[in-house]
Amino acid sequence: QVPLVESGGGLVQAGGSLTLSCAASGRGFSTYPMGWFRQAPGKERDFVAAITWRGVAYYADSVKGRFTIRRDNAKNTVYLQMNSLQPEDMGVYYCASRPLGSYYSNQYEYWGQGTQVTVSS
């Protein structure tokens, strides 16, 4: 088991920044790719970013240039730095570990409980 716990969500004005954290417990974290997804009310859970165990990052087109994913394997933590936030970035952000297929798919083995991000215009 790799329980995941997200933190760092909150309310921010448009144009502002937030950094989300995802702390993992259990063995194997440092070897698993990690992903961030978000889900707006009434919509599907969408891919935001992913990072391989070596630190290679992948992003959704909508967040490229604004969001940065990174990981600290010594701390068993993955981060999502979000800049220039817009109302369309609002939603519950989920951390995920160990993809079962494509990094872009929501088929991951482990998921956190999510953290809410609200952007006011």
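**Fold, surface and aromatic rings**

Q: What share of the 121 residues of the chain counts as buried?
A: This is a predicted model, and the answer is a computed value. A residue counts as buried when its relative accessible area is under 20%. Among the 121 residues of the chain, the share that counts as buried is 43%.

Q: How many helices and how many strands are there in the chain?
A: Read from the N terminus, the elements of the chain run β-β-β-β-β-β-β-β-β-β-β. The chain accordingly has zero helices, and its strands number 11.

Q: What radius of gyration does the chain have, and why does it agree with a compact globule?
A: The C-alpha trace spans about 40 × 25 × 25 Å along its principal axes. For 121 residues, a compact globule would have a radius of gyration near 14 Å, and the chain agrees with this because its own value is 13 Å.

Q: How far apart do the centres of the positive and negative side chains lie?
A: The accessible surface of the chain comes to about 6,200 Å², and 47% of that belongs to carbon and sulfur atoms. As for charge, the chain has 11 positive and 8 negative side chains, and the centres of these two sets lie apart by 8 Å.

Q: Is the aromatic pair of Phe47 and Tyr104 stacked, edge-to-face or tilted?
A: The count of aromatic pairs comes to nine. In the pair of Phe47 and Tyr104, the distance is 4.6 Å centre to centre and the angle between the planes is 55°. Planes under 30 degrees apart would count as stacked and those over 60 as edge-to-face, so the pair of Phe47 and Tyr104 is tilted.

Q: Which element holds Phe47, and where does Tyr104 lie?
A: Phe47, at 11% relative accessibility, counts as buried, whereas Tyr104, at 44%, counts as partly exposed. Their pair links distant parts of the chain, 57 residues apart. Tyr104 lies in the loop between β9 (91–99) and β10 (108–111), and Phe47 is in strand β5 (residues 45–51).

Q: Why is the pair of Tyr94 and Trp111 edge-to-face?
A: Tyr94 in strand β9 and Trp111 in strand β10 are 17 residues apart. Tyr94 counts as buried at 13% relative accessibility, while Trp111 is partly exposed with a relative accessible area of 26%. The centres of their rings are 6.5 Å apart, and because the planes stand at 80°, the pair is edge-to-face.

Technical notes:
Residues are numbered from 1 along each chain as its sequence is written. This is a predicted model: local features need pLDDT of at least 70, side-chain atom pairs count only at pLDDT 80 or more; totals for chains, interfaces and linings use all residues. Side-chain values use heavy atoms; hydrogens and water are left out. Helices (H or I, at least four residues) and strands (E, at least two) are DSSP runs, numbered from the N terminus. The radius of gyration is taken over C-alpha atoms; the globule rule is 2.2 Å times the number of residues to the power 0.38. Buried means under 20% relative accessible area, exposed over 50%, partly exposed in between (1.4 Å probe, protein chains only). Accessible areas come from the Shrake-Rupley method with a 1.4 Å probe; for residues, only the protein chains shown count as cover. Lys and Arg count as positive and Asp and Glu as negative; His and the chain ends are not counted. The place of a charge is taken as NZ of Lys, CZ of Arg, CG of Asp or CD of Glu. Rings of Phe, Tyr and Trp (its six-membered ring) pair if their centres lie within 6.5 Å; planes under 30 degrees apart count as stacked, over 60 as edge-to-face and the rest as tilted.
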